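Here are my notes on this model, point by point. Please read them with the structure open.

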Amino acid sequence: MAKLKIGIVGCGGIANSKHLPSVKHTELADVTAFCDLVAERAETSAKEFGTPDAKVFTDYRELLKLDLDAVYVCTPNRSHSEIAVAALESKKHVMCEKPMAINYPEALKMTEAAKRSGKLLTVGYQNRYRADTIFLKQECVAGALGDIYYAKARSVRRRAVPTWGVFLNEYEQGGGPLIDVATHSLDLVLWLMDNYTPKTVTGVTFHKLNGETAPGNAWGPWDTAKFTVEDSGFGFVVMENGAAIQIESSWALNTLEMGEPLALLCGTKGGADMMDGLRINGVRHDRQYVTKPDFGARGVDFYEGETVTPQIREQMTFLGAVMGNNELVVLPEQAMGVTRILDAVYESAKTGRQVVFE
């Protein structure tokens with residue numbers, strides 16, 4: 001079978017560390033077009049990951065004129081929707097890096113464009129492809145936890161603020177750790193619960209550590225003048241069916257309770273968390289129990305050090321769906337639900353009021 005032809009818009013860190021190596025590993029597609037506002041970045045990526053005749057652009061509109069099967073959108077959050085909608089309307093399938101869009105209205109535009117075009121649209125929530133999350137999803141589908149009525153989505157770092165690119169730029173990104181890392185943990189929780197309809201959202205954000213000049217940061221000190229997004233954000237969501245979800249996110253928090261992206265689920269029959277590997281708890285024969293599945297046994301891949309990584313599984317799923325061999329795992333309607341809730345957390349934090357959905 002002939003390989004797919006794909007183009008990539010945005011040749012920064014996420015493209016070169018995640019998408020391009022993983023696509024290459026699958027051997028299902030050739031990257032024949034590269035676009036970046038900085039021509040040198042696109043040229044560098046093309047030399048390492050492209051075909052010998054790969055084309056390089058600084059305007060994504062020129063890339064979309066090519067005969068491509070799919071386009072990857074790996075730009076700052078503000079331009080996700082604009083580029084994805086244009087790619088879908090030019091009859092290309094789209095893989096968009098997380099978050100889906102800078103806000104809910106822009107995410108809605110993307111979903112509507114996918115429906116109009118009949119093309120596939122997915123979002124880069126690669127943590128759904130981890131061995132532990134796949135196992136836990138199977139348990140949830142089988143009803144092992146019962147009715148899940150409380151959950152926690154945690155993405156907390158002690159001091160690991162990304163100091164490169166535009167991560168600290170509110171205009172380009174729309175926010176800080178909530179939209180950057182909490183988007184992963186919230187996606188996991190909503191997917192595991194199979195619950196995407198919020199009723200109320202209350203949120204707070206903090207800018208407490210932005211001004212520190214000697215922060216002990218994992219990636220070195222940040223530019224305090226450019227750190228315009230929150231350093232921490234928290235939310236409490238009540239779903240339409242009464243279930244509650246707590247969101248915890250931070251790039252810099254004085255805590256030893258760290259980890260990302262992690263999910264905690266509490267149901268009527270049992271619970272699960274990822275605080276020390278995947279742990280499933282419950283009561284059987286009037287006795288409490290805890291089970292820790294072994295993802296290293298019998299050659300089964302596990303998240304750290306596995307040969308087939310979540311990133312590769314993600315690409316195999318998307319490219320396989322483009323070929324018509326399988327279905328998508330991350331649907332645009334689901335990713336849009338994540339953005340809708342995070343939008344509400346930011347709105348509540350800004351106004352000091354609870355957001356109520358009609």
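1. Accessible areas here come from the Shrake-Rupley method with a 1.4 Å probe. On that basis the protein exposes about 16500 Å². Carbon and sulfur atoms supply 51% of that area. Keep in mind that this is a predicted model.

2. The protein has eleven helices and 15 strands.

3. Next, overall size. The C-alpha trace spans about 65 × 50 × 40 Å along its principal axes.

4. Burial and contacts come next. Of the 358 residues, 54% count as buried. Take the contacts between residues at least 6 apart in sequence: 71% of them join residues at least 24 apart.

5. On charge, the protein carries 38 positive and 45 negative charges. Their mean positions are 1 Å apart.

6. The cut-off used is 2.5 Å between the sulfur atoms. For Cys-140, the closest cysteine sulfur is in Cys-266, 11 Å away, so the distance is too far for a bond. Seen from Cys-266, the closest cysteine sulfur is that of Cys-140, again at 11 Å and too far.

7. Are these two cysteines buried or exposed? Cys-140 counts as buried because its relative accessibility is 14%, under the 20% limit. Cys-266 has 26% relative accessibility, so Cys-266 counts as partly exposed.

Terms used: Residues are numbered from 1 along each chain as its sequence is written. This is a predicted model: local features need pLDDT of at least 70, side-chain atom pairs count only at pLDDT 80 or more; totals for chains, interfaces and linings use all residues. Side-chain values use heavy atoms; hydrogens and water are left out. Helices (H or I, at least four residues) and strands (E, at least two) are DSSP runs, numbered from the N terminus. Buried means under 20% relative accessible area, exposed over 50%, partly exposed in between (1.4 Å probe, protein chains only). Contact means heavy atoms within 4.5 Å. Lys and Arg count as positive and Asp and Glu as negative; His and the chain ends are not counted. The place of a charge is taken as NZ of Lys, CZ of Arg, CG of Asp or CD of Glu.
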